[in-house]
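I opened the notebook today to look at how two chains meet and what sits inside one of them. Here is what I looked up, in the order I looked.

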Amino acid sequence: MFNQIFTIANRIIYQLIRDRRTMVLLVAVPLVIASIVGVSIPEKQMLDYIAPAVLAVLILFFGFLLTGISFLRERSQGTLERLMASPVSKLDIVGGYLLGFLLFAVLQTMILFFYLIYVLNVSFHGELWQIIVFEIIIGILAVCLGIFISVFARNEFQMVQFIPLIILPQMFLCGLLWPVEQMPEYLQWIARFLPLTYGVDGIRALMLQGQGLLDIGKEIGVLAGYAAGLMILASLTLRRGASA
Amino acid sequence: MAKRQAATAAVEVDKASFSYKNIKAIDELTLQVPRGISFGLLGPNGAGKTTLIRMLVGLLKPKSGSIRILGQTPSRQTAHLIGYMPQLPSLYTELSVIQNVNFFARVYQMNDKRQRAKRVEEVIRLVDLWQRRQDSVMKLSGGMKQRVSLACAIVHQPPLLFLDEPTVGLDPELRFTFWEHFADLTHQGTTLIVSSHTMDDAAHCDRLIFMRGGGVIAQGTPNELRKATGKADANLEDAFLYYIHREDKSV
Ligand SMILES: Nc1ncnc2c1ncn2[C@@H]1O[C@H](COP(=O)(O)OP(=O)(O)OP(=O)(O)O)[C@@H](O)[C@H]1O
Ligand SMILES: [Mg+2]
């Protein structure tokens, strides 16, 4: 059972590592974005507010996009058809994708985290391991979202179109730039349904307010709930496109 | 017990049908394939060859009728008994030849590292790509991809192999080597189900069926099918046309 999950995770890691340019981009892009944020926000207090949210947003973004496209290709190049005719189960496949991509998510988080703290001097009152745990929860959600949404895309162009539909609204409404409490009531109401809102709230609590994982039970609960729901949807729809 | 096991056919299809939305791809098809032979599925584009193979490997469930492979309904429990080479080379193009073959070996639970490495090398040499083993699949020619795809399907030495147009895009020499290897496999007791349009492939099969419109229009050994035309010098092409005309008249 775990054997098969490792087999698939291992393959995903090799696929990414063999693609040098993707590897460079995975490290460079977050740093470029963090630098832009750092330079464009001269006010320290504002930077402290926005920087943690960038961590949450980037994990959702990269996790979604990378898994979405990988899975799309798994469908379109016919390897999913091969896997579905083999002894691996749908859960092995979802598990393998999670394990493979979360490894990159953790790496990305750590690089970005150290850059924010030591280069951009963002304030930090918390513990790194708690931030990694919380980012992994967001990462799980992102990977399952990517697998699920890939069912609706026929090619890479379509997959990229889902970014403005699924990721951008969350970025604007999650409180990345402006506190949710100061938005019009109906927007607040929408924001309450968006998982990234909880991701941003949670990570701010961990980084700025010196709270621990136990203090943000609600945020973790909501994110885990979304992740579980998406995982079920992803496994149920996984087969689609394998043979039809 | 052992005797009964041997008696069950490799593939038994009983009045199976399948439709994609409004297209009837397989229409009450009945078929028996004994073990240890190479069995050809011949027919024009759209005859239903791929659909039939997808049903046999368990990717599609018949809408009616029944399917058994090695005495069991196709499912995840029977998956390790079969090898499947899809019509298009379904490979991870950014991975190397050896990484692809090794991945499918692991997917089929060849867990012993030493044995797996040995077998992976063996099949890559068999398809004559050992020199290119470190190359990404995307850098290979069409025929070479086809060969990697075959290697991935046979690496775990399954007793039942489904090959969907395995010889498309191969040069005559390789086509010959492939068929030589297929003959070796059947001698060792493997059952091969091979789809094709070419009568050259058909001549290599122990038995074959002509398919059209999702059904079987004729079956037998290549010789039997040739003889049925009544012409002494008939080839399989003639035989196929003969059956199509005969069917058209009877409708
Ligand atoms: N995914 C699909 N969705 C809808 N219809 C399909 C699908 N796949 C096949 N069909 C239809 O089912 C019928 C049989 O197709 P199938 O692919 O089984 O033929 P085939 O004998 O393998 O042909 P070829 O020699 O071209 O590979 C065709 O009419 C085809 O249009
Ligand atoms: Mg076909």
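**Entry 1: the model.** I note at the start that this is a predicted model.

**Entry 2: the contact.** I began with how many residues take part: chain A brings 26 residues to the contact and chain B brings 35 residues. I then looked up the area buried between chain A and chain B, which is about 2,700 Å². Carbon and sulfur atoms give 51% of that area.

**Entry 3: polar contacts and the side of chain A.** Between chain A and chain B I get 15 residue pairs in polar contact, with both residues at pLDDT 80 or more. I checked which helices of chain A face the partner: α1 (2–18), α3 (44–76) and α4 (79–84) each supply at least two residues of the side that touches chain B. The largest share comes from α1(A), with 10 residues. By residue class, I count 8 nonpolar, 11 polar and 7 charged residues on that side of chain A.

**Entry 4: salt bridges across the chains.** My search of the whole structure gave 9 salt bridges over all chains, and the count between chain A and chain B is 2.

How accessible are the two ends? A:Arg73 has 31% relative accessibility, so I list A:Arg73 as partly exposed. B:Glu94 has 11%, which is under the 20% cut-off, so B:Glu94 goes down as buried.

Next I looked at B:Arg54 and A:Glu81, whose side chains form a salt bridge at 3.2 Å, N to O. This pair runs from helix α2 (residues 49–56) of chain B to helix α4 of chain A. Here I find both B:Arg54 and A:Glu81 buried.

**Entry 5: a salt bridge inside chain B.** I also looked up B:Arg125 and B:Glu121, which meet in a salt bridge at 2.9 Å, N to O. How many residues apart are they in their helix? They are 4 residues apart in helix α4 (residues 113–126) of chain B, so about one helical turn separates them. B:Arg125 has a relative accessible area of 45% and is partly exposed. B:Glu121 has 29% relative accessibility, so B:Glu121 is partly exposed too.

**Entry 6: strand β6 of chain B.** I moved on to β6 (residues 160–164) of chain B, where 5 of its 5 residues are buried. Which residues lie on which side? I put B:Leu160, B:Phe162 and B:Asp164 on one side, and B:Leu161 and B:Leu163 on the other. Both faces of β6(B) are covered.

Then I looked up the strands that pair with β6(B). Strand β5 (residues 82–85) of chain B pairs with β6(B) in the parallel sense, over 4 bridges. Strand β7 (residues 191–196) of chain B is joined to β6(B) by 5 bridges and also runs parallel. I followed B:Phe162 to both neighbours: the bridge partner of B:Tyr84 is B:Phe162, and B:Phe162 stands opposite B:Ile193 in β7(B).

How values were computed. Residues numbered from 1 in each chain as written. Chains lettered and ligands numbered in written order. Predicted model: local features only at pLDDT ≥ 70, side-chain atom pairs only at ≥ 80, totals over all residues. Heavy atoms only, no water. Contact = heavy atoms within 4.5 Å. Buried area = accessible area lost by both parts, 1.4 Å probe. Salt bridge = Lys/Arg side-chain N within 4 Å of Asp/Glu carboxyl O. Polar contact = N/O pair within 3.5 Å; in protein donor to acceptor, adjacent residues only side chain to side chain. Nonpolar A, V, L, I, M, F, W, Y, C, P; charged D, E, K, R; others polar. Buried < 20%, exposed > 50% of the residue type's maximum accessible area, 1.4 Å probe, protein only. Pairing = 2+ DSSP bridges.
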